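Keep the sequence and the 3D view open while reading.

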Amino acid sequence: MELYLTTTDDSIRARGILFVAEVLIHLLNKSLDSFTLSTLAGFFSSRLADWRSLHGALVGCLALLRRKSNVGMIVDGDARKIAKSMLDNVQVQLLAMIDRKICFEVFQCLLDVYPEAVATLGDDFVYGFIQAIDEEKDPRCLVLTFHLIQSFVKLFVLEVGSTHIVHDLFEVLSCYFPIYFTHKIADDFEVKREDLSDALMNAFCSTPEFEPFTIPLLLDKLSSTLPVAKIDSLKYLNKCLLSYGSDKMEHHAQNIWFALKVVILGSLSEGETLSSSVLGGEINSDEQEIAREALVCLKTAVSQFSCHKNDDFLTLIVSDNDIERSFCSVTMEGIYRDNSDIAQHLLRALGSIFSVMTNSSIFCCNRVIEILFPRLMDILGIHSRSSEDFPDSDIEIVSQNMNCGALYLCVELLTSCRDLIATVWEESSIQNNSLEGSWWHLIHGFSGPLSSAFRSALMIPNKITAESGNSNFNKELALYSVRGLQVLATYPGDCTPVTKESLENILVAFMSVIIGRSEESFLWKFSLKSVWKIGSSIARFKDSLSQIIYNEIVIGRLLLLLHEDNLLSLALTLEAIYEIGICSMDFMSQLIQGLEEAMLLNFCQICVDGSSKSTRDLILLLDCYSSKVLPWCHNFVSIEQPGMHFAISILEQMENVVALKMEPDMQDLLDKMMMCMKLVVSGCAEDNQCKVLEKAYDIIFASTNLPSESRPFCSSILEGLLLFPDIYEITYKNKWLMYFFASIVIALRPQTSLTNGAKWLNILLLFTLKGHLPAAQALASLVNKLPSNVDKLGSSDADILEETIQMILETFLSVLANNPQSRPHMLSNNGGASVQLCLNLQVHAVVGMTWFGKGLLMRGHSRVKDISLAILKCLISSQDMTISLSSHHGSDNCIGEDMQHLVARSAADAFHILLSDSESCLNKKFHAIIRPLYKQRFFSSMLPVLLSAIKECNSSRIRALLYQAFGHSISEMPLAVLVADANKVLPLLLDGLSVLNLDIVNKDLIYCLLLVLSGFLMDEKGKEEIIGYAHIVTNHLVKLISYPHMMLVRETAIECLTALTSLPYTRIYPLRTQVFDALSGALDDKKRIVRQEAVKCYHA
């Protein structure tokens, strides 16, 4: 390499040196001897003087400095040589950004790894370093520079003691404050404004020696009109207070307070209402951000400047003239009502200051409470005596004339004190009674009368406030009272200054609002939230005495509301029960028991007299139980299987019912109870699921008089069709029992053992063929979860799954057989009635087989192909079957033809069932076995079959049904799967839009097909495939613009036309006139959204 490294050709020499440097980078983890390293250090340090090859030399120096000791490092002498050469030969600020960045990385390595070598260079390195970083402007380099300054300060200021450089160094830093970074796209520079600001803040705080320069600068910038300058000044000041220490900062205490006072008092806009503060509303304005940072800084200052021997800073704040004037202003009688905007502004700022002071430490809390709390009590007219000695009439007078400003400040002090004590109580290992300082004695002395005053203000009726004309004022008063009562009741149990009697009174007051004042929705919700917070606090601090009181007053009364007629509606009662129940598992357990008792009581009443009121109440109870309580319980494993007792009790009640009345609104109730039963059973363990299932089976077996012996599927089921009453003659009791049984089966876990599985399958098959959808879903769920290697049905046959599938499939196919002679004799008589019965059974068999196939499809079983082909055969052969029926029963030709079409349509709808997701069964919530990509595999196998069937079909009626089946198939598929087979899918999709458009029944399917088409138009690969069909797509969409049966179809068709404009211009321009003509009609559509889309399309 000597020739390339010493040549006079600048370009070749630079490339040669850079090559050596990059080789050295790749050898970072390879051992090199000290002589080689020293030689390389000398070479690269000397090359720093060659400005044409400077980049390679910098890279080489950095590679040497980054080596670790285990593979060989350069010695201090070589590092000093590199540093000296950098100072003598490299003008950093004249270099390009990439080279400046490498220079700063070299300096960083020198300071971090070779500090002793660098320190020997003394002021030469100091001033050379300052010159290198001065006036740097690139954000990427600035981040390195600010970090570099921290290492530099640590070495030369803190260790070497070169304090004379502090002023010069700070002058370099101060010019960057505040960071004003206008570049909006951070990715371009790989750095954000926040990164720069944080790095500069750490540099400011790197040494206390910066204090004489930093603090005046930050206090001066607080008067800036730029919000970012104020926010950064407050953040930096807070960090400096923590970094410099109280000794360095003490002489700035007064100036810091004066500056923070101006910011806090002036940062809250006068137009804001205090209600938003009370309710914790988030306000994201710059002014609010400034106020928050100022309060954080104030808290740090109070913590730093206040200790057990020094409360000068607290006294400075409390005795400040502006604070005193503000305090007198907001607590002056009538000022809050007369000038509410100014009063609220001052009140909020003052409350924030007092809260921060109180929350800083136990010492500060004691001092602030000692100074302010008695004064506020005096303004409110509350004296330190027990609530029993405080007459109710006096309390009412005080409450109606209460000073709202003083009340708010009192609540703020109580809240911040409570928060501090709760934090210390949880984090500290000291005895809890040591927290009972002067704050405790003062609040304890006033707690009784104060809580009485709060309760009195809370109970002022709306009528009085409306008549007095001060409704807003009294609303604020009531809200402060609610918050005050909540705070008094949420102190940690061992440290609470509130007596148990006062806690009882507080809870009684809240419950009276919840029960009797539900028309005041805002107050009702706020009171409910307060009761929830009290319950959460009791659970958090494990206060057993308070929990007993809470159980008696809150939980007990809520449970009574479920059984009594009262002012509070059942819907609000259930909302309150759930919100309070989630405080803790103990509360929820009691409320669950009460809910189950109430549901069982209402169900018993329904069974006796079919009460419509009980029906409505039970529907509300089931909604709350199923949609809120059970999901919450399932997230907490410590609550063991809620609802199991309720499920068994419902089954036992059904066993004792003689006759069940069926009112019009009871179908909704049945659906709710089925879902509840599923959720309950799905959360039970396997052994408990077996208990519930056995109980349901015993009851349904006794009620329906089914044969006790287990017979072969086909013969047993078909005999059952003869012996069992018709679907419309089944008693409501047996129908409900069967639906409950089906719900239990649907929710079983795959591991649950079934001792009478063969009998259960018989029952489910029987009810499936009688047209009960839950039975079909239960059958599908059972087959879906049958293990292939475990005998779950109690048989000794190892191939139980395959045999079960075969027997069930044979049963369905025997009903679907086209030859009437193959059916049982009892189904071939009675003329038209026999035909109708046969075809009804076929419809039910198609639905049942479809759900059966869905269960197998989701688990990835191969027999699903046989089922899908059988369903498709039912669809295709319907025309031939109609002719056969006509030849046997000419007079009943119309009946047979209509019913056979219903069978074919059921077969077409089967593809929707197979591929759609179900909320009622076969999902993760009910432990279904779901194989990944099962839909895609089914679509890939069935697409050629459907394509062939459509081509070979000669009947327009059957062709429409085939397109319907195809439409259901593609509407449930991921777009990527369809795009991959676009050459097959697109022609069928477009033909389907044309064929299905003729029947109003298909309007939802047309909408789904349009969504698929829009997916093609939005996907890049889909656009490529659709270009060749542009004119055909346009023709179909133009026809659908005037589709009369569904507004969504018209809207989506126009959106698809708009998306077509992204296709190549030469493809769509010839279609322009046709589209404009169609849009002219859409511009007069009766739906506004359609007219809007038409305008967008017209402009596109």
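Predicted model: local features only at pLDDT ≥ 70, side-chain atom pairs only at ≥ 80, totals over all residues.

**Aromatic pairs**

A pair of aromatic rings is described by the distance of the centres and the angle of the planes. The structure holds 29 aromatic pairs. Phe204 and Tyr236 make one of them, an edge-to-face pair. Phe204 sits in helix α12 (residues 193-204) and Tyr236 in helix α14 (residues 227-244), so the pair ties together parts 32 residues apart in sequence. Phe204 is buried, at 0% relative accessible area. Tyr236 is buried too, at 0% relative accessibility.

A second example is Phe1076 with Tyr1098, a tilted pair. Here the centres lie 4.8 Å apart, with 35° between the planes. This pair links distant parts of the chain, 22 residues apart. Phe1076 belongs to helix α56 (residues 1072-1082), and Tyr1098 to helix α57 (residues 1088-1099). Phe1076 is partly exposed at 25%. Tyr1098 is partly exposed at 44%.

Some rings also form a group. Phe170, Phe177, Phe204, Phe210, Phe213 and Tyr236 make up one aromatic cluster.

**Salt bridges**

Side chains of opposite charge can pair when their charged atoms come close. The count comes to 30 salt bridges.

| Salt bridge | Closest N and O atoms |
|---|---|
| Arg193 and Asp232 | 3.0 Å |
| Glu289 and Arg292 | 3.5 Å |
| Lys613 and Asp617 | 2.8 Å |

Arg193 and Asp232 are both buried.

Glu289 and Arg292 are three residues apart in helix α18 (residues 286-305), about one helical turn. Glu289 is partly exposed at 25% relative accessible area. Arg292 is partly exposed at 36%. Lys613 and Asp617 are four residues apart in helix α34 (residues 612-634), again about one helical turn. An α-helix has 3.6 residues a turn, so residues three or four places apart point the same way. Lys613 is partly exposed at 41%, whereas Asp617 is buried at 17%.

**Helix α51**

Helix α51 (residues 1003-1018) has 16 residues. At 1.5 Å a residue, α51 should span 22 Å. Its end C-alpha atoms are 23 Å apart, which agrees. Buried residues of α51 include Leu1005, Ile1006, Leu1009 and Phe1016. The buried residues of α51 pack against α48, α49 (975-980), α50 (982-996), α52 (1020-1026), α53 (1030-1040) and α54 (1047-1060).

**Cysteines**

How many disulfides are there? The count is zero. A disulfide is a covalent bond between the sulfur atoms of two cysteines. Take Cys607: the closest cysteine sulfur is in Cys604, 6.4 Å away, too far for a bond. Cys607 is buried, at 6% relative accessible area. Cys109 is buried as well, at 12%.

**Ser955**

Ser955 is found in the loop between α47 (934-952) and α48 (956-971). Is Ser955 buried or exposed? With a relative accessible area of 13%, Ser955 is buried. A polar atom of the Ser955 side chain lies 3.4 Å from the backbone nitrogen of Ile958.

Terms used: Residues numbered from 1 in each chain as written. Heavy atoms only, no water. Helix = DSSP H or I, 4+ residues; strand = E, 2+ residues; numbered from the N terminus. Buried < 20%, exposed > 50% of the residue type's maximum accessible area, 1.4 Å probe, protein only. Polar contact = N/O pair within 3.5 Å; in protein donor to acceptor, adjacent residues only side chain to side chain. Disulfide = S-S within 2.5 Å. Expected span 1.5 Å × (residues − 1). Contact = heavy atoms within 4.5 Å. Phe/Tyr/Trp six-rings, centres within 6.5 Å; stacked < 30°, edge-to-face > 60°. Salt bridge = Lys/Arg side-chain N within 4 Å of Asp/Glu carboxyl O.
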